[in-house]
Amino acid sequence: MSLTDWIVLGSTLLAIVAYGVWKSGNSKNIDQYFGNRSLPWYHVGLSVMATQASAITFLSAPGQAYSDGMRFVQFYFGLPLAMIVLCITFVPIFHKLKVYTAYEFLEQRFDLKTRALTAILFLVQRGLSTAITIYAPAIILSGILHINTTYTTLFIGGLVLFYTVYGGAKAVSYTQLLQMSIIFTGMFVAGVLVVMLLPQNVGFIKAIKLAGNLGRMNVIDWKFDADNRYNIWSGIIGGFFLQLSYFGTDQSQVGRYLTGSSVGQSRLGLIMNGLIKVPMQFLILLIGVLVFSFYQFNRPPVFFNNYEVEQVKRSQYAPQFNLLEKRYGDAFNHKKQKTEDLIKAFDSKDAQQISAAKAGLKAAEAQTDSVRKSAISIIKKNSGNDNVNDTNYVFLTFVTHYLPRGLIGLLIAIIFLASMGSTASGLNALGSTTMVDIYKRILKPNESDHTYVTASRVATVFWGVVCIGMALYASKIGNLLEAVNQLGSYIYGTILGVFIVAFYIKSIKGTPVFAAAVITEIIICIMGYYNAVAYLWLNAIGCIGVIIIAWLLNIFIMQKKPALR
């Protein structure tokens with residue numbers, strides 16, 4: 001990057017941290033540190049979006065679309081429905097009870113062991129997810145500075161941990177408002193520039209046509225297939241259960257909309273998120289598709305992770321890899337010619353000519369894909385990691401190589417800001433859940449507010465260190481966007497099932513639902529391990545499993561009661 005980009009990047013990050021610390025002040029009691037129920041609806045909505053839209057969204061989503069097309073957007077189709085259910089049920093109950101965490105309600109409804117179990121399940125899931133959100137921007141710094149992600153992970157984690165520990169929920173909310181404003185502007189500019197950088201005879205429409213002919217505009221898949229991760233049925237049904245659990249039972253989200261000044265403000269914030277999130281995700285994926293079209297005319301690297309490429313070129317495999325790079329360049333030149341033939345065919349509007357050009361381009365694409373696969377196999381041999389994946393580096397490579405000075409720094413700052421927002425929310429939620437549901441409720445129930453604020457900061461630091469430690473191992477997974485949602489699908493369904501029983505089936509007591517949650521979680525982990533179904537379905541199976549098993553166990557216990565008397 002140029003000096004201008006470094007100045008833009010550094011000043012933006014410092015301004016965000018300083019702004020959050022300044023606006024939050026030094027929280028002196030637990031209500032200020034975790035509650036802060038004073039924010040308007042638009043602030044709540046942007047804070048909720050910032051928590052969900054991490055660096056993974058802006059780093060991995062374009063890469064996901066580049067390699068797999070638009071079908072991932074179906075993942076969010078259940079979101080608006082989930083927002084409606086939340087506004088009707090979850091929000092008024094949480095506000096009425098004036099809880100700091102979602103799990104406090106479960107003790108009032110069931111018992112302490114059920115509250116503790118769901119809190120622990122959340123801590124495990126959110127700890128792993130937060131680790132991934134820390135790792136995402138570390139990839140960026142690693143790619144720019146050409147150093148190992150270990151050092152960049154430690155830097156990013158430490159930076160976010162500082163202002164989260166200092167300001168608590170208030171610092172998180174205020175910084176997220178500014179972050180999302182900058183993010184929306186930057187991503188819009190990036191999308192416009194991708195189109196401007198296309199050849200003169202290729203505008204937006206032709207770029208979309210080109211991507212569609214190569215299978216990247218696969219927005220909706222109507223075919224029902226339990227093994228298919230992304231179709232309209234898994235998106236609406238599985239996505240509904242995942243989003244309902246995420247927004248309704250995950251403290252990183254509950255903590256955001258509980259900052260609303262009233263039930264109405266929290267509801268409006270969630271409705272805003274439901275209305276904007278799907279179009280926003282569609283446009284982010286569309287940027288990835290446009291980048292794909294751009295790279296049909298401009299040679300992409302054989303592998304987008306330049307750190308891994310540099311390691312190979314210093315290894316015993318360098319001669320083989322260099323030969324494959326040359327072959328890839330020759331194959332790309334052939335493919336580029338076929339791409340231009342298809343663009344000319346579009347102009348002719350001759351269906352037969354378009355079909356022939358499309359077949360020629362697909363054959364050329366298969367050739368470049370074959371060379372690329374051979375290069376990736378060498379990279380895997382050299383790294384010793386079978387999960388090496390470069391989709392997280394596609395958008396980053398495009399930004400750093402083709403965008404003008406100053407804007408590169410701003411877009412990289414955007415990805416950092418997104419990471420800081422979601423990571424801060426995750427750490428704040430981990431700290432609040434540990435303090436409220438474990439420390440205050442079980443270990444030290446009668447301490448002063450000052451003690452609890454101190455304990456909250458200590459808990460946040462603890463989880464910060466744990467998440468940074470786990471982030472150091474995140475390189476062993478593939479696409480970060482999929483990974484974070486897969487992790488959630490192992491746990492969210494079970495937690496949601498407990499809350500559904502709590503809200504709607506008043507006859508079921510604590511012991512049956514506790515046992516049902518344990519049994520269901522074991523079943524879900526086994527199904528996930530053996531890939532029994534696509535991961536989105538685990539959310540629905542987990543939720544329904546808890547409800548059915550709890551209902552059966554409750555009947556069994558009620559039938560046994562007379563015999564015990």
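**Notebook: helices, cores and cavities**

I began with the secondary structure, and the chain comes to 21 helices and zero strands, where helices (H or I, at least four residues) and strands (E, at least two) are DSSP runs numbered from the N terminus. I note that this is a predicted model, in which local features need pLDDT of at least 70 and side-chain atom pairs count only at pLDDT 80 or more, while totals for chains, interfaces and linings use all residues. Residues are numbered from 1 along each chain as its sequence is written, and side-chain values use heavy atoms, with hydrogens and water left out.

**Burial and contacts**

I looked up burial next: of the 565 residues of the chain, 58% count as buried, which here means under 20% relative accessible area, with exposed over 50% and partly exposed in between (1.4 Å probe, protein chains only). For contacts (heavy atoms within 4.5 Å), I found that residues 24 or more positions apart account for 86% of those with a separation of 6 or more.

**Cores**

I then turned to the nonpolar cores, each a set of buried Ala, Val, Leu, Ile, Met, Phe, Trp, Tyr and Cys residues joined through side-chain atoms within 4.5 Å. The largest has 137 residues, and those with the most contacts inside it include Phe90, Tyr257 and Phe499. Leaving aside neighbours within four places in sequence, Phe90 is in contact with residues including Leu244, Tyr257, Phe499 and Phe503. Apart from this core lies another, of 14 residues, among them Val302, Phe303, Phe321 and Ile376.

I also checked Phe247, which is found in helix H10 (residues 232-249) and is buried, with a relative accessible area of 0%. Phe247 and Tyr257 are 10 residues apart in sequence and 9.1 Å apart in space, C-alpha to C-alpha.

**Helix H13**

Which residues of helix H13 (residues 306-313) are buried? I found Glu308, Val309 and Val312. Seen down the axis of H13, these fall within an arc of 100 degrees, so they line one face of the helix; the arc is that of the directions from the helix axis to the C-beta atoms. What covers them includes helix H14 (318-348) and helix H15 (351-383).

**Cavities**

Last, I looked for cavities, each a set of points on a 1 Å grid over the protein atoms alone where a 1.4 Å probe fits but cannot get out. The structure holds two of 30 Å³ or more. Of the 10 residues that line the second largest cavity (lining residues have an atom within 4 Å of a point), the closest to its centre are Gln251, Gly255, Asn428, Ala429 and Ser432. Helix H11 (251-257) and helix H17 (407-443) each supply at least two residues of that lining.

Notes. On a 1 Å grid over the protein atoms alone, a cavity is a set of points where a 1.4 Å probe fits but cannot get out, and a pocket is an open set with protein on both sides within 12 Å along at least five of seven lines; lining residues have an atom within 4 Å of a point. Grid points are joined across faces, edges and corners, and a volume is the space filled by probe spheres set on the points.
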